[in-house]
Protein chains: 2
Amino acid sequence: MTSNKKRKEIASKWFKKLQLEICRSFEKIEEDYRKKNNLKNSGKFIKRTWRRNKKNIQGGGGVTAIMRGNVFEKVGVNISVVKGRFSKEFKMEIRGAEKRAEFWAAGISVVTHMQSPLIPTIHFNTRYIVTTESWFGGGTDLTPCIYNANDKKFFHHKLKTVCNKYNKNYYKKYKKWCDNYFFLKHRNEMRGVGGIFFDYLNTGNWQKDFSFCQDLGRAFIEIYPSIVKKYVGKKWTIKEKEKQLFKRGKYVEFNLLYDRGTRFGLMTGGNTDAILMSLPPNVKWP
Amino acid sequence: MTSNKKRKEIASKWFKKLQLEICRSFEKIEEDYRKKNNLKNSGKFIKRTWRRNKKNIQGGGGVTAIMRGNVFEKVGVNISVVKGRFSKEFKMEIRGAEKRAEFWAAGISVVTHMQSPLIPTIHFNTRYIVTTESWFGGGTDLTPCIYNANDKKFFHHKLKTVCNKYNKNYYKKYKKWCDNYFFLKHRNEMRGVGGIFFDYLNTGNWQKDFSFCQDLGRAFIEIYPSIVKKYVGKKWTIKEKEKQLFKRGKYVEFNLLYDRGTRFGLMTGGNTDAILMSLPPNVKWP
């Protein structure tokens with residue numbers, strides 16, 4: 001059995017590697033677009049390292065990678081490894097932290113906002129959390145502003161394939177969890193067309209749980225670029241763009257009103273810029 | 001002594017009257033601007049009545065008034081009179097509702113988003129709430145995107161004058177409350193340049209407390225238009241406009257992450273469109 005310390009190392013290393021691969025894959029899309037359209041510049045990720053400097057109590061940091069390009073209007077691919085103590089108020093909300101408030105958490109998080117309103121926004125996230133217990137969590141969900149049944153089908157099919165490799169019940173369970181989670185109660189509507197969402201994953205087989213998260217990461221790199229490529233270069237209208245800006249408003253509402261990751265980050269003294277990097281570059285409300 | 005029922009009537013009637021007067025005053029600014037610039041159209045408020053239709057349990061409704069003009073990019077002046085029962089989770093947060101979850105609430109709320117980045121955003125709100133207890137609450141705060149010391153001074157001076165008419169301690173107390181309330185913890189910065197904020201106002205003299213709220217409403221109609229007129233017609237740059245859009249992003253963050261009014265509305269099954277009408281028409285995040 002891998003030691004606790006070793007597990008943290010392995011997980012952190014993986015998130016770092018995945019960040020690199022996602023960035024590389026998205027930059028390739030930008031570069032291909034540049035070549036095809038004879039443009040001078042293509043989007044490149046800008047990386048920034050940040051550290052939490054409340055030493056002893058709150059430690060760790062992360063690397064934010066952000067790209068603004070011709071295809072990706074704004075995309076953030078963030079990793080972080082943080083440790084510390086939950087506040088009195090917050091620890092009751094976290095499994096295994098009721099008695100001992102110490103935590104360690106590492107993860108990767110991606111949100112895309114595209115120039116073309118035809119290309120859905122995607123969110124992807126996996127994390128490994130250690131309190132007195134330890135578990136994996138994460139998920140991915142697709143938010144088109146112009147609905148396309150094939151994209152939805154393709155997205156869910158790919159996720160189902162990964163899930164089924166590990167447990168025949170995962171897909172159904174995690175799909176439902178996703179539908180329930182990415183729901184705007186105040187509007188009585190789903191954020192997008194769903195995906196999967198899971199938390200507290202600890203089957204007792206760490207290697208298997210970790211491998212599931214890795215496969216999700218790999219699947220993400222396969223899934224999203226193929227959706228993007230379907231629409232890159234296709235003409236869209238001002239009206240469709242405006243529709244996208246309104247849809248983004250609801251995305252902001254979800255993230256600030258409901259999202260646990262955002263809440264977790266802001267409540268644990270995380271890096272505000274990194275946490276709010278998922279917000280769209282521009283937004284409209286009616 | 002005025003009966004409970006009569007008080008509700010008087011308060012509701014006042015909010016209605018104040019809505020009318022604020023709308024009239026803002027439309028006059030639009031009309032003056034139209035004439036001066038020989039424009040064809042000026043902004044006019046569009047009113048919509050809405051009702052909560054969960055009969056028996058949740059009743060009441062409101063009137064939203066929204067204007068999109070040449071000076072006011074988007075301004076909402078909303079009144080509502082609602083009653084019902086708080087949810088189990090929410091009632092513990094409300095004074096006097098711990099044992100009996102019934103509530104009655106009426107109020108007016110104004111938020112402006114201006115075309116010119118030189119003109120501060122203002123928020124104004126007063127309300128009368130009845131549970132097993134009853135009280136007035138409200139406040140007003142100014143959020144410039146380009147700081148001007150004179151505006152701040154003028155704004156605070158006017159508020160102090162109203163406060164001092166009622167109680168020499170109000171201004172200091174309510175100013176501090178405002179500074180603490182309109183604070184973005186995750187950014188460690190104030191929303192704007194402050195103002196006043198108060199809640200649970202019940203001195204035992206209903207008429208006096210009500211009169212204080214009325215005077216605040218009247219002061220608002222005097223204060224804001226004179227700040228607006230100072231800047232109307234003055235040239236601004238694209239750079240200043242962009243600064244305004246980023247500032248608006250923080251306004252959205254405050255409203256969705258912290259604002260009790262927003263939370264109160266969404267948690268009590270209020271009208272989502274009316275509650276979120278305070279959100280800016282367009283926003284940027286870096």
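This is a predicted model: local features need pLDDT of at least 70, side-chain atom pairs count only at pLDDT 80 or more; totals for chains, interfaces and linings use all residues.
**Who supplies the interface**

I then went through the elements on the chain A side. Helix H6 (238-257), helix H8 (272-275) and strand E10 (282-284) of chain A each give at least two residues to the side that touches chain B. H6(A) has the largest share, with four residues. Sorted by class, I get eleven nonpolar, three polar and six charged residues on that side of chain A.

**Contacts and area**

I checked the contact list next: 20 residues of chain A are in contact with 20 residues of chain B. For area, I noted about 1700 Å² buried between chain A and chain B, with 64% of it on carbon and sulfur atoms. Three residues stand out here: A:His186, A:Leu256 and A:Trp285 supply 33% of what chain A buries against chain B, more than any other three residues.

How are the two copies related? I laid chain A on chain B and got an RMSD of 0.0 Å, by a turn of 180° and a shift of 0.0 Å along the axis. The copies are therefore related as by a two-fold rotation axis. The same surface serves both copies, as 100% of the contact residues of chain A recur in chain B.

**Strand across the interface**

I looked at E10 in both chains. E10(A) pairs with strand E10 (residues 282-284) of chain B in the antiparallel sense, over three bridges. I followed A:Asn282 across and found its bridge partner in E10(B) to be B:Lys284.

**Salt bridges**

Side chains of opposite charge can pair when their charged atoms come close, and I wanted to see where that happens here. The rule finds two salt bridges across the interface of chain A and chain B. I picked out A:Asp273 with B:Arg187, where the closest N and O atoms are 4.0 Å apart.

I opened one within chain A: the side chains of A:Glu73 and A:Arg248 meet at 2.9 Å, N to O. A:Glu73 sits in strand E3 (residues 72-85) of chain A and A:Arg248 in helix H6 of chain A, so this pair ties together parts 175 residues apart in sequence.

Terms used:
Residues are numbered from 1 along each chain as its sequence is written. Chains are lettered from A and ligands numbered from 1 in the order in which they are written. Side-chain values use heavy atoms; hydrogens and water are left out. Copies are superposed by least squares on the C-alpha atoms of residues with pLDDT of at least 70 in both. Contact means heavy atoms within 4.5 Å. Buried area is the accessible area (1.4 Å probe) that two parts lose on being put together, summed over both. Ala, Val, Leu, Ile, Met, Phe, Trp, Tyr, Cys and Pro count as nonpolar, Asp, Glu, Lys and Arg as charged, and the others, Gly among them, as polar. Two strands pair if DSSP finds at least two bridges between them.
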